Amino acid sequence: MTRTRIAQLAPLADGPVIVAGWVETVRDQKKVQFVILRDESGAVQLVNPATRDLDEGASAEELAAAALTETIGTLAHGTMVRVTGELKHDERVKLGGIEVKIGTLEVVSEAVPETPIADDSSLDKRLDWRFLDLRRPEASLVFKIQTTFEHALRTWWVERDFIEIHTPKLMASASESRAELFEMEYFETKAYLAQSPQFFKQMAQPAGFGAVFEIAPAFRADPSFTSRHATEFTSIDAEMSWITSHDDVMQMHEQVLTSAFAAVLEKHGAAINAAYGVELAVPSTPFPRIPLAEARQIVADGGYEIPRADGDLDPEGERRLSAWVKANHGHDFVFVTDYASGIRPFYHMRREGDPSITNSYDLLYNGVEISTGAQREHRIDVLIAQAREKGLEPEELEFYLDFFRYGVPPHGGFGMGLARVLMLMLGLGSIRETTYLFRGPTRLLP
């Protein structure tokens, strides 16, 4: 026999099985012992009739049974075991209506009896012992959902002939600005960790790739300690050729998202509701679209004055706008469009007839910005002028500007933070909960 994952036990007929995992709890009663065994797929109850206080003339079988009883009684939480036994369906068993009567039990790896974290441990403490924290079913569920979500994104793109690329994370110069870049020694020169694949996914457009995507790490030297910032995160990026405006990007963005939400709902909807109390739904399309100026007015009409001087929304403004959208449109998502050129990068295309406005957007989900998208400027003379206007020297951007000297189609795309989407989807309080191993200004371990 081979090992059976616990989630696959229920459909099996009663009979011999092998299961393996870690001990979650032991109830050592006088006449019977119960062990809750958990593996990556679920939990099952193991049962063993206790054998104790043998006479001197006990048989070898009785001695073996007594040894098994003693072993079970000393099992610590987290101990890894392999068990052979008899599967039995019994509707009286609360945990799945099945149990396994233990035949043999092998201790594969003993755990220290006292664990360093408990149910009431702080998030920072749990992150110190992340490999133990991730044993919680609701914690591991996050990454099962992440797997389904990413697979659905890739499937949508691949089925529509998008090409997956893997861009370098070591760069010779800044991708956008040096403000949030990690600088490092690189042989006889300096290198920077990429804060975005922006320039390289744009490079795929004159290369003739058409539409591309990437799901990969990105790095920001941002000293923020908020619930939604990290110094290393997973960025979801897409870029496509021959668009007519940023509206084409928004349509692609909402379609790939709804496809991914549908996949997550189908596979994990019941588990999400049980673990987090969230009734996940597939968002309807099109998502609401609100120009930034109108969004600011909605927030102001609601009694909140945005303190920022640059004309953008702040986090409280985003929350209030999203609450308004939910109340008036019944939607968890909203595209905020028509951002001012003064608060957008030099490579965002400006509105024809009104260069103060860019063909760009931010996507808010449940009150938090998760993505920025735009049509890119593909005309090199305009690109150089806009770079200079932003205080950038074209000479420092030569490798990037070369992309536009040999013909490039109109194009656009977006970048989106994976951990933020999952955090908001599951109603969790921090991206630390939806990041496998979080990295922030004061955290480099484990």
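Colleague: What makes Leu-170, Met-184, Tyr-186 and Phe-187 a nonpolar patch on the surface?

Modeller: A nonpolar patch joins nonpolar side chains within 5 Å, each with over 30% relative accessible area. Leu-170, Met-184, Tyr-186 and Phe-187 form such a patch in this predicted model. Together they have about 420 Å² of accessible area. Take Leu-170, which sits in strand E7 (residues 170-171).

Colleague: Which residues gather in a patch of negative charge?

Modeller: Asp-55, Glu-56, Glu-61 and Glu-62 do, on the surface. Asp and Glu count as negative, and like charges are joined within 9 Å. Asp-55 lies in the loop between E3 and helix H1 (60-73).

Colleague: How do you know whether Asp-55 is buried or exposed?

Modeller: Its relative accessibility is 65%. The cut-off for exposed is over 50%, so Asp-55 counts as exposed.

Colleague: Where is Arg-52, and what is it called?

Modeller: Arg-52 is also in the loop between E3 and H1. Its relative accessible area is 34%, so it is partly exposed. Its C-alpha atom is 8.5 Å from that of Lys-30, though the two are 22 residues apart along the chain.

Colleague: Why is the pair Glu-40 and Arg-3 called a salt bridge?

Modeller: Side chains of opposite charge can pair when their charged atoms come close. The limit is 4 Å between nitrogen and carboxyl oxygen. Here the closest N and O atoms are 2.9 Å apart, so the pair qualifies.

Colleague: What does this bridge tie together?

Modeller: Glu-40 lies in the loop between strand E2 (32-39) and strand E3 (42-49). Arg-3 is in the segment before strand E1 (15-28). The bridge therefore ties together parts that are 37 residues apart in sequence. Glu-40 is partly exposed at 39%, and Arg-3 is partly exposed at 40%.

Colleague: Which residues do salt bridges join into one network?

Modeller: Arg-126, Arg-130, Asp-133, Arg-136, Glu-138 and Glu-433, through bridges that share partners. One of the pairs is Asp-133 with Arg-126, at 3.0 Å from N to O. Both of these residues are buried.

Colleague: How many salt bridges does the structure hold?

Modeller: It holds 39.

Colleague: What about the whole chain?

Modeller: Buried residues make up 49% of its 446 residues. The chain has 11 helices and 18 strands. Its C-alpha atoms fill a box of roughly 100 × 60 × 40 Å along the principal axes.

Terms used: Residues are numbered from 1 along each chain as its sequence is written. This is a predicted model: local features need pLDDT of at least 70, side-chain atom pairs count only at pLDDT 80 or more; totals for chains, interfaces and linings use all residues. Side-chain values use heavy atoms; hydrogens and water are left out. A salt bridge is a side-chain nitrogen of Lys or Arg within 4 Å of a carboxyl oxygen of Asp or Glu. Helices (H or I, at least four residues) and strands (E, at least two) are DSSP runs, numbered from the N terminus. Buried means under 20% relative accessible area, exposed over 50%, partly exposed in between (1.4 Å probe, protein chains only). Accessible areas come from the Shrake-Rupley method with a 1.4 Å probe; for residues, only the protein chains shown count as cover. The place of a charge is taken as NZ of Lys, CZ of Arg, CG of Asp or CD of Glu.
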